[in-house]
Amino acid sequence: MTQMRHARRLDELPPYLFDELDKAKQRLIGRGVKVVDLAVGDPDLPTPSRIVERMREAVADASNHRYPGYKGKSSLRQAIALWFRRRYGVELDPDAEILVLIGSKEGIGHLPFALVDPGDKVLVPDPGYPVYANTSMIAGAEVRCFGLREENGFLPRIEELDSLGRAKLIFLNYPNNPTGAVADKDFFAKVVGLAVSTGSTICNDAAYGEITFDGFRSPSILASEGAMDCAIEIHSFSKTFNMTGWRIGFAAGNRDILKALARVKMNLDSSVFGAIQDAALAALSLSYDENLRAYERRRKLAFERLSKLGCHFFYPKGTFYVWAKAPLGLTSAEFAVRLLEKANVSVAPGSGFGNNGEGWFRIALTRPEAEIVEGLDRMAGLNLWTN
Ligand code: PLP
């Protein structure tokens, strides 16, 4: 009899649709085919040179060659507190209300292990970043999805959240991947009100908090009354400063939640290399307007082409994604496969983000303008939309 060499729980994880498509994409690239990759949300623009220069100096600093301290360097946590006050008007205690993370994904993934016991309920958005549901499931939680629908601006209905019963943890993600939707202060105030009344904990993933357009500035959930009693917010340097490879982010908010998360982390990792933390501190005083302008130009090109094609898309006020409808008669996966095989363009199929993503696909505007144009022109060449 062959022995199972993994936990049974892993078999409950949904098949990773993106993995299959990625393998197909790699096979094409291996055969020398030029694939236009609009699937992955990984900024193509380089990290600003000021950050890279600070890193160079910091690498040579011998104090960075030792363990950096579990919560992250106090210099960085203090700088984050100042940035948070300037940006959101929220006062944070750098010692207890800020925790440095090895990228936001690390904090999101470990949070269920800090908060839920087997069988506890965790609510996650559908469509949504798969890490919320998958790591909650690995931690033994009962995962329940709440729907994000276009008619509600891809915000959950508070009554639906309420009807799912008392949850230990509710994941939110605004600005939202994959839809590009944003939330305003009123929405955050309502969800915090719900969490206070039910005793739930909220985690708002604000990895795209600084990537917003048309004059919209994303608020912090922590500015809502009562939020510091029941919520944390996760931030990242990855998207704001084109630092996905560096692996650094932070969690801010309720001290008990952060204490629990720090206890889990203390047993798993020893925080981020000190030099990366010094470089991140330097990033906090930089403007990221130039980045936003690049995305604005790309958005314009994408919107024009999708509209001309007769392809319906949700107008995104945040993130560098466009959430668009697949042609009638094709599932998300069928469309993504056909697009990859016939036009060598890769997009993320909506169903990979949950059941409500079926019939949609996601374009990432993290490629140069010429490639976005080429990808969308190749898509148009398939004549799949009738307009
Ligand atoms: N949260 C969301 C919604 C994301 O889309 C991503 C990455 O794509 C992350 C978190 C992880 O970002 P990082 O770990 O690089 O901070």
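A polar contact is a pair of N or O atoms within 3.5 Å. The model is predicted, and the distances below are computed from it.

**Ligand site**

| Side chain (N or O atom) | Ligand atom | Distance |
|---|---|---|
| Tyr208 | oxygen | 2.7 Å |
| Ser236 | oxygen | 2.6 Å |

On its own, the ligand has 400 Å² of accessible area, and the protein covers 92% of this. The ligand takes up the space of the largest pocket.

The shell around the ligand holds 15 residues, of which Ser104, Asp205, Ser236, Ser238 and Arg247 come nearest. Sorted by class, this shell has six polar, five nonpolar and four charged residues. Helix H4, which spans residues 104-115, contributes three residues to the shell, the most of any element.

**Glu334**

A separate point concerns Glu334, which belongs to helix H12, residues 332-343. Is Glu334 buried, partly exposed or exposed? Its relative accessible area is 41%. Buried means under 20% and exposed means over 50%, so Glu334 counts as partly exposed. Pro349 is 15 residues away from Glu334 along the chain, and the C-alpha atoms of the two are separated by 8.6 Å.

How values were computed
Residues numbered from 1 in each chain as written. Predicted model: local features only at pLDDT ≥ 70, side-chain atom pairs only at ≥ 80, totals over all residues. Heavy atoms only, no water. Near = heavy atom within 4 Å. Polar contact = N/O pair within 3.5 Å; in protein donor to acceptor, adjacent residues only side chain to side chain. Areas by Shrake-Rupley, 256 points an atom, 1.4 Å probe, with all protein chains shown as cover. 1 Å grid on protein atoms, 1.4 Å probe; cavity = no way out; pocket = protein on both sides within 12 Å on 5 of 7 lines; lining within 4 Å. Sits in = over half its atoms within 2 Å of the grid points. Helix = DSSP H or I, 4+ residues; strand = E, 2+ residues; numbered from the N terminus. Nonpolar A, V, L, I, M, F, W, Y, C, P; charged D, E, K, R; others polar. Buried < 20%, exposed > 50% of the residue type's maximum accessible area, 1.4 Å probe, protein only.
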